[in-house]
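Morning, everyone. I'd like to talk about charged pairs today. Have a look at this one with me.

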Amino acid sequence: MSTVLMPKATAVWLVENTTLTFDQISAFTGLHPLEIQAIADGEVAGGMTGLDPTTNGQLTKEEIKRAEADQAARLRLSPRDIPMPVARSKGPRYTPVAKRQDRPDAIAWLLKVHPELNDSQVAKLVGSTKSTVQSVRDRSHWNMQNVRPRDPVTLGLCSLKDLNDAVDKARRKAARDDAALKKAKVGAGEPDEADLEAVDPAEAEQPDADLSDDHPDAERH
């Protein structure tokens, strides 16, 4: 809901320049009726310059006259033609100019310490681009000879919370992908590598021993 700009200064002007009741001014400005009365008595806002609400487009003179003619009426704010600010969509993290030269070092550190992160996650953490991340990954970056892996948190390129959240997200995705792969293998009838490794060689099926008369271990009668 729209509110009055500088309510106390507006109330001072309305008290001094209109015949509106204290309740009407109170309802419009959001101030308590007793405070409006104190303004009228000079006990509050002494020396404050009143703000004319008709000059900044909050009220029209016709609206004031309408309310003055009916003490039960309430003032209505004039509609504003000024467009409401639009929230900025999320984009790449802004990196101060002084720290931009540190981004390749941070990228190298993330690729080395947290290989589970994908290129877009690394780029978002340090405020870079996927192409820069890829150039550091394949060592084709123009300044690769001077790149030294350094923690982006200590460099001030991202917070520890953002880093932990990204790593947790990447690990959860890896776990889901691994579970889906195992499920697909089971559906296709392929043995799981873990199951194969769990078999004890001593318990594996062995060929029957040859106990014929010609075998040296055969029982002699």
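Which residue does D105 form a salt bridge with? The partner is R150, and the closest N and O atoms are 2.9 Å apart. This pair links distant parts of the chain. D105 sits in helix α5, residues 103-113. R150 lies in the loop between α7 and α8, 45 residues away. R150 is partly exposed, at 34%. D102 joins in too: D102, D105 and R150 are linked in a network of salt bridges.

Now the wider picture. This is a predicted model. The chain has ten helices and zero strands. Of its 221 residues, 29% are buried. Take the contacts between residues at least 6 apart in sequence: 58% of them join residues at least 24 apart.

Back to the charges. The structure holds nine salt bridges. Here are two within helices.

One is R66 with E63, at 2.5 Å between the closest N and O atoms. Both are in helix α4, three residues apart, so about one helical turn separates them. E63 is buried, at 10% relative accessibility. R66 is partly exposed, at 30%.

The other is K182 with D178, at 3.7 Å, N to O. These two are four residues apart in helix α9, residues 160-187, so again about one helical turn lies between them. K182 is partly exposed at 40%. D178 is partly exposed at 39%.

That's my tour. Over to you.

Definitions and conventions:
Residues are numbered from 1 along each chain as its sequence is written. This is a predicted model: local features need pLDDT of at least 70, side-chain atom pairs count only at pLDDT 80 or more; totals for chains, interfaces and linings use all residues. Side-chain values use heavy atoms; hydrogens and water are left out. Buried means under 20% relative accessible area, exposed over 50%, partly exposed in between (1.4 Å probe, protein chains only). Contact means heavy atoms within 4.5 Å. A salt bridge is a side-chain nitrogen of Lys or Arg within 4 Å of a carboxyl oxygen of Asp or Glu.
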